[in-house]
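Let's take a walk through this one, from a single backbone angle out to the chain as a whole. Have the structure open as you read.

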Amino acid sequence: MLKATLKSLLSRKLRLVLSALAVVLGVMFVSGSFVLTDTLQRSFTDLFSSAFANVDVSVSPKKEKGKQPEPLTPADISEVKAVPGVASAVGEVEGSARPIGKNGKVITTSGSPRFGFNWTGGGQEKIREGRAPQAEDEVVVGGYLASTGGFRVGDDIALLTLEPKKTFKITGVYEYAGGRDSLGGELSVAFTEPVAQQLLLGKKDVYSSITVTAANGQSDEALRDSVAAALGSGYEVKTGETLAKEQADQINEGLKFFNYVLLGFAGIALFVGIFIILNTFSIIVAQRTRELALLRSMGASRGQVIGSVVLEALVIGLIASVVGLGAGIGVGALLATIFSSVGGTSLQLAGIGVPMSAVISSFAVGMVVTVVAAVMPALRASRIAPVAAMREAATPDRPLTKITIIGALVAAAGGTALGFGFNSASLPLVFGGILVAFVGVALLTPVLSKPMVSLIGRLLSWSMPGLLGRRNSARNPRRTAITAAALMVGISLITGVSVVLTSATKSIEKLAAGQLQTDLIISGEGQVEGSPATFKREVLAEVEKTDGVSSAFGWASDGVLQGDDQMFAVAVTDVPAMRTMFALKPKSGDIAPLRDDQVALPEDLAAEKGWSVGSTLTLQLAKGEPRTFTVRFIWAKTQVLQGALVLPESASSGFRSDRIGQAFAQVRPGVPVADVQKRVEPLFADNPEITVQDRSAFVKQTTSQFDTVLLMIQILLALAILIAVLGVINTLALSVIERTRELGLLRAIGMRRSQVMRMITVESVVISVFGAVLGLAVGLALGVATVQALKDQGISELGFPWVTMAQYLVVAAFVGVVAAILPAIRAARLNVLDAIAYE
Amino acid sequence: MSASEGVAARAVDVWKSYGSGDAAVTALAGVSVELERSRFTAIMGPSGSGKSTLMHCLAGLDDVTRGEVWIGDTLVTGLKDRGLTELRRDKVGFIFQQFNLLPTLTAEENITLPLAIGGKKVDKAWFDVVIDTVGLRDRLTHRPTQLSGGQQQRVACARALVSRPDVVFADEPTGNLDSQSGAEVLGFLQRSAREFGQTIVMVTHDPNAASYADRVIFLKDGHIVRELLSPSAEEVLETMKHLDDVAVPHA
């Protein structure tokens with residue numbers, strides 16, 4: 001039996017390749033994700049251990065939750081120096097510094113930090129060219145910044161720090177051990193110590209940390225303990241090794257999440273793969289009916305027949321896993337290389353490794369997926385009565401009642417799970433519900449396929465070959481349905497996401513039109529090391545005074561602690577202006593300026609916390625002791641400032657930064673907004689990270705991020721769609737083999753090769769378009785459900801991405817044409833005589 | 001060279017061999033034959049005699065190693081795929097042992113398939129004549145799976161005739177039928193030749209089937225060895241029995 005199975009398997013190599021390909025791609029995605037993240041993780045670990053190579057022990061101020069630590073002082077350094085076993089103790093100053101390129105634009109990185117520090121001469125940076133900074137207006141720049149920005153010794157460089165643009169003279173360029181330009185693609189610059197303190201920490205005579213080196217014979221751990229003992233509480237004393245590990249762990253935590261995302265998409269691809277394999281095995285079993293029945297008539301048991309099909313699946317799964325793992329290692333290595341070299345990260349890659357997790361998951365996933373997909377066809381195969389061997393395998397259409405009822409039940413179950421998932425905000429339940437719903441819809445597709453296929457087919461079958469193609473696609477509803485369902489999965493997910501994003505865009509637009517009564521929005525562009533760029537209070541005052549501006553307000557923002565809850569707070573400069581521009585309506589209390597000990601909050605937050613006007617709350621701001629505020633007013637729910645506490649302007653003294661993060665201005669009636677914008681913009685000339693936008697530009701900028709999200713998802717789902725296309729090719733190829741005799745007959749009675757190809761192409765396009773229509777319908781349903789569920793989260797409008805959806809439909813038709821190419825060529829090349837004699 | 005008047009198809013010194021070198025098998029060894037218009041010709045011979053090969057070569061389904069094949073005025077030998085396809089579509093009809101109907105099409109659609117492929121109009125009057133002759137009037141909307149074997153083969157016959165080809169080639173048309181259905185199909189082929197003037201060439205190994213033909217050609221080892229005109233089944237059987245005695249000329 002074993003031998004018979006293997007022989008039969010080998011005799012159908014093409015089939016083997018096609019059915020294995022879907023598994024190979026899925027496994028490739030899985031193992032590639034593991035290899036990529038593993039390589040990056042080890043690279044970052046290496047990076048940080050080299051960044052802290054010359055740090056034996058480091059002292060930094062103790063971090064308390066919600067509070068900004070007090071910086072270290074020269075006294076702390078003296079104290080550390082006095083500890084026995086300390087060879088040296090150097091105060092380090094470090095903070096954000098963004099260089100401005102020669103084109104006047106701020107130079108960005110793709111994730112690597114941009115920072116400045118004090119040049120101590122004792123770090124691992126070595127001057128490559130020029131000399132150390134000595135005067136206030138002198139800096140040295142890292143080799144990577146020099147090469148990225150095209151800076152040389154003697155050039156001027158403008159930098160953004162806590163203060164607006166300041167220009168310095170470059171006196172030198174430094175490098176790291178081995179002549180490296182940077183450790184990991186970071187852009188760094190070093191000042192003299194007093195300048196660094198002022199610009200990076202905002203105060204003279206303060207330090208971010210102290211780097212301690214041990215005297216000979218002193219272990220790092222012993223030194224750490226004696227320094228900690230000498231300093232007492234209020235300090236964090238760690239070895240360089242620990243610090244390196246902590247920082248690497250932090251990045252690796254992010255990479256882990258990235259890995260989960262990739263694995264999620266790999267899961268979708270594999271889910272689609274199951275459809276393809278299921279279909280392939282169903283067709284194979286149908287074509288092997290005679291062979292299997294012959295085995296049965298010679299005494300093979302049902303178990304042996306099942307075993308034979310499952311064994312075939314195992315062999316395919318095994319081969320596919322091995323190939324997929326290999327391909328995944330290649331893809332992972334390639335992506336890691338791209339990641340490290342493209343986009344300016346220039347991360348020094350650790351060697352490509354194959355983690356055990358990649359190997360185990362590849363084999364587990366590849367084998368399990370294949371076998372699971374083969375079980376149903378195997379069971380069906382075992383039910384073939386031996387007599388069927390002798391009969392012409394005229395299998396009449398099995399009734400679709402059972403499958404339809406089951407499908408409806410499964411789809412309902414999936415929908416219910418989805419509903420519960422939305423209600424309880426349980427992500428696993430949502431995703432599980434979606435997958436189950438997909439299975440349910442897939443089971444319903446055979447019933448849908450008859451009317452749908454004939455409808456779609458009618459549009460395409462104006463000639464005899466077209467008619468035959470259409471009839472062929474309606475011939476085996478299950479086969480067509482599963483093939484189309486595989487395509488449905490990818491398209492419906494994209495459509496669902498598109499619906500949500502379109503709705504979000506529409507909601508924002510409506511919000512801007514209704515609740516944002518502001519003409520100009522001044523905000524920090526992008527993220528500067530975690531928080532948006534800010535500007536000084538004085539500049540806002542200038543905006544207010546600008547000709548044409550009727551009123552303006554802004555806020556500084558920060559996280560604050562209320563008990564153990566982290567909350568978002570804004571310190572608003574002008575509450576009445578905010579009331580007007582955000583169209584705030586009071587829920588209780590009246591919207592009036594806040595005194596220094598007053599707070600305001602939105603309706604839903606008040607309800608959640610049980611606060612009302614007059615309640616007092618104690619907030620721990622980043623600086624200073626906890627402060628008590630009394631609720632002055634509660635405003636009726638709006639889409640802006642959701643979940644935020646509004647504090648008086650004076651509270652910003654307790655924030656990490658009291659600078660304005662976002663500001664809004666209203667223009668005097670009758671004055672063109674563009675004119676005022678032109679007058680306001682120069683106020684920020686020294687601050688190129690701040691943009692002044694009118695309302696529509698602001699909305700566009702806010703919604704444009706959705707396009708990026710959509711693009712990313714489209715790219716990640718491309719593999720699922722590619723696998724679905726393979727499924728179409730597979731189905732067509734197997735159908736061509738199955739219908740060899742018919743093709744021979746058609747050629748014998750005078751059908752041209754081109755007509756044969758057209759026939760196959762129509763069949764392919766009908767299947768693809770059917771899948772796309774299903775996908776669009778299911779995607780719309782998913783999207784609408786999600787939007788309903790997110791109603792309270794700010795997505796108040798329902799928008800449909802009609803253009804995008806039409807594009808998907810066109811793409812699907814195109815995909816159908818492409819998928820038909822190989823099977824069509826194969827069909828057209830059949831030898832007429834052989835084909836007619838084919839059994 | 002133009003075809004002689006009254007000849008629908010002919011082979012001129014046709015050789016056909018498969019494989020090469022020592023493994024070469026000669027299926028046809030210099031066969032020359034003329035198939036007259038409006039006649040029902042049967043090609044007979046034991047297995048491996050080359051009778052199917054001869055028909056395939058005549059019909060343009062297979063190419064010849066040497067010699068020429070003509071259908072009407074058309075030199076088949078040397079035609080490329082497109083030319084062969086058009087020849088098959090416009091000048092030749094086929095009836096196969098396995099019926100070879102398209103399961104997705106109704107009986108009527110199957111019958112008119114060659115015309116539809118060629119983008120031609122159906123000659124309604126002729127279609128009606130053919131349908132009534134094969135007796136399928138009440139079966140036109142049925143799918144092949146709903147028809148008996150004999151009915152399916154009659155659909156196949158109607159399909160071969162409906163485009164009024166120069167020649168209809170039938171390959172063991174009764175091989176898969178019981179004797180009664182076989183007799184119906186053979187009677188129909190005979191009438192087509194006599195009443196409609198349709199040229200028919202049939203390959204068979206069944207003496208009884210051959211007895212319906214106007215002319216029977218006997219093949220052995222790739223050579224035409226005997227010929228009978230309007231023979232009875234007994235005569236055919238006798239001839240077959242004694243084919244072994246016939247000396248095959250050596251090439």
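Predicted model: local features only at pLDDT ≥ 70, side-chain atom pairs only at ≥ 80, totals over all residues.

Which residue takes a positive phi just after H3(B)? That is B:Gly119, with a phi of about 70 degrees.

## Ground rules

Residues are numbered from 1 along each chain as its sequence is written, while chains are lettered from A and ligands numbered from 1 in the order in which they are written.

Helices (H or I, at least four residues) and strands (E, at least two) are DSSP runs, numbered from the N terminus.

## Helix H3 of chain B

Eight of the eleven residues of H3(B) are buried, so the helix is largely enclosed by the rest of the structure. Buried here means that 20 or more other C-beta atoms, placed from the backbone, lie within 10 Å of the residue's own. Among the buried ones are B:Glu109, B:Asn110 and B:Ile111.

What do they pack against? Helices H13 (464–473) and H21 (753–789) of chain A, plus H2 and H5 (149–161) of chain B.

## Where the chains meet

In total, 22 residues of chain B are in contact with 19 residues of chain A; contact means C-beta atoms, placed from the backbone, within 7 Å. On the chain B side, H2 (81–91) and H3 (107–117) each supply at least two residues, and H2(B) gives the largest share, seven residues.

By type, that side of chain B divides into nine nonpolar, six polar and seven charged residues.

Six strands of chain B form an open, mixed sheet in the order S6-S7-S8-S3-S9-S10; strands pair if DSSP finds at least two bridges between them. S6 (92–95) and S10 (223–229) of chain B sit at the edges with a single partner strand each, so one side of each has no neighbour in the sheet.

Inside it, S7 (167–171) and S8 (200–203) of chain B pair in the parallel sense over four bridges, and B:Asp171 has B:Val203 as its bridge partner.

## Chain A in brief

Chain A has 23 helices and 24 strands, and its C-alpha trace spans about 100 × 70 × 50 Å along the principal axes. Of its 839 residues, 46% are buried.

Note on methods: Contact = placed C-beta atoms within 7 Å. Nonpolar A, V, L, I, M, F, W, Y, C, P; charged D, E, K, R; others polar. Buried ≥ 20, exposed ≤ 12 C-beta atoms within 10 Å, placed from the backbone.
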